[in-house]
Amino acid sequence: MADFNINALGAFRNIDFGNADAIANLKQGGGVEQNGKLGSFFCKMFRSSATEARNNAVRTELLRALGQGFGIEGMTEKDGKTYFSADFMAKLERTLGRDVFKAADFKLNRDGSVSSGKPLTQRRIQAIVEKAGVYAKTGFSVGAYRQKLESIQKDLGIAGLPGADLDKLNNSDKTPKMTKLFIHVAKSLDFLEGLELGKPAVDKKTGKPLGYYTYSKGKDLSFVRLDPTLAYNLELGDDVSNWHGNRFEFRMPGSKADDYQPLGGDIGDPEHGFNHRLFLALGGELIHTERAHFDSSGTDIEPLKKYIAQTIQLFAQKMVDVYLECKAEGKMDAFRAHCENPGACMEEKGMRLTKFEEEHLAPPAQEGTGLTKAEAAELERIANQAVGDNAPPDKSEDLLYGVIDALNQRDEKLNASENWADFSAAAKEKLVGKTAKIVVPFKNEETGFYEFKPLVVDGKEVVRPLTAEDVDTIGKACLFNSVNI
């Protein structure tokens, strides 16, 4: 990974002479000091060889610091002088971007020593340090990844655009898919930042968390929470075994504090359901909340909250990390190709990014991932549907998405196809006869995508072997979503 050790920059890291045009030189005994400023009479004079030597010395030291921070090969030292290869300079330029770092401004001699002679200003140093800091090793936090994302948004030409303009781009067929995905990343970070977790209620006898949040002071503003009335009754020690109200309710981050709706019933309701509201809040990313180990008849909301937060974090974190690494390694073409077919749901997108990282990039650093090994394994289990022998039957749309993705990866022609007829025979061979929950596709006119509702007969969801007709009906809708997501 192109993890940057920010400490390698030393004195460059905190440079501030109070003037963006101040010229930096090396101090006797180490460190950086100001020596005039750009545009002054002193600097307009013919540069003496001594002045050029000082300018080259500070430029050399900055290159050394960047090389050490990134661990870039192609830097050698001999007889007290430092030399850089053309590949070293090219990788720095590619990683930091020519808008910040132009290799030509450093101008190497044939032996690889710096020969530019140009002054190095505070403005340029601060821009380079800021951009290098985007690659610094960090644990996951919304603030740190907002800074990294801002750098990517500048690359994509969407930095600073208001939300309404980003929504227009997100809904336009002309917007590159990679750009759309990073709009979804921005919305994902907004969502994570807006999560209110409240204060866990604690059993007064044992001191252990009770799995829901206290409501006694009206402080719980969680986006998903136990119904306050039920929570209050539990705190009073009332018997709620026969309680028939809504056990849980939800609101989206950013909405009014009292804008809660019941979570019960069909969370996939195309207008009011939780999954649909979540889909809109994330810019058009589907999360399979039904895969969380969450008992809607109990009082513990934590499994659902944890599942949603981890799924969103994995997607946002991997999109940013993999982009930056591909930029540093010159593999942006491969990443753009990946973004053309990133996966259907957010769970799958996160795991596909992880596999892309494993196949195309150096092994990721173990530190600063923000997920424990157990949590990462759980996310992989979720994405791969590896839920054990006693798990409920798969949903038929999940099986179809899986087959479409497998066929796309195996056959380049299919990967470019939008015609279900090209997939039908192989999908039927794989799925006809496999027991699953049967669903009925319907198009959501607001989002333009297909959604799926359970096929219900006599008040019960239908679970049976898939027929050829099921595969074609559901498969067409799944392919449409995959192609247009």
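The model is predicted, so local features are reported at pLDDT of at least 70 and side-chain atom pairs only at pLDDT 80 or more, while totals for chains, interfaces and linings use all residues. Residues are numbered from 1 along each chain as its sequence is written, and side-chain values use heavy atoms, with hydrogens and water left out. Helices are DSSP runs of H or I with at least four residues, numbered from the N terminus.

**Helix α5**

- Among the residues of α5 that are buried are V142, Y145, L149 and I152, buried meaning under 20% relative accessible area, exposed over 50% and partly exposed in between, with a 1.4 Å probe and protein chains only.
- The cover over the buried residues of α5 includes α4 (122–133), α7 (177–193) and α10.
- Just after α5, G157 adopts a positive phi of about 80°.

**Salt bridges**

- The whole structure holds 15 salt bridges, each defined as a side-chain nitrogen of Lys or Arg within 4 Å of a carboxyl oxygen of Asp or Glu.
- K187 and D167 meet in a salt bridge of 3.0 Å, N to O, and since K187 lies in helix α7 and D167 in helix α6 (residues 163–170), the pair ties together parts that are 20 residues apart in sequence.
- E357 forms a salt bridge with K318 at 2.7 Å between the closest N and O atoms, linking helix α12 (residues 346–360) to helix α10 across 39 residues.
- E357 counts as buried at 2% relative accessibility, and K318 counts as buried at 15%.

**K327 and its surroundings**

- K327 sits in helix α10 (residues 302–329) and is buried, with a relative accessible area of 10%.
- Leaving aside neighbours within four places in sequence, the residues in contact with K327 include R94, K131, Y135, D155 and M332, where contact means heavy atoms within 4.5 Å.

Methods
Helix = DSSP H or I, 4+ residues; strand = E, 2+ residues; numbered from the N terminus.
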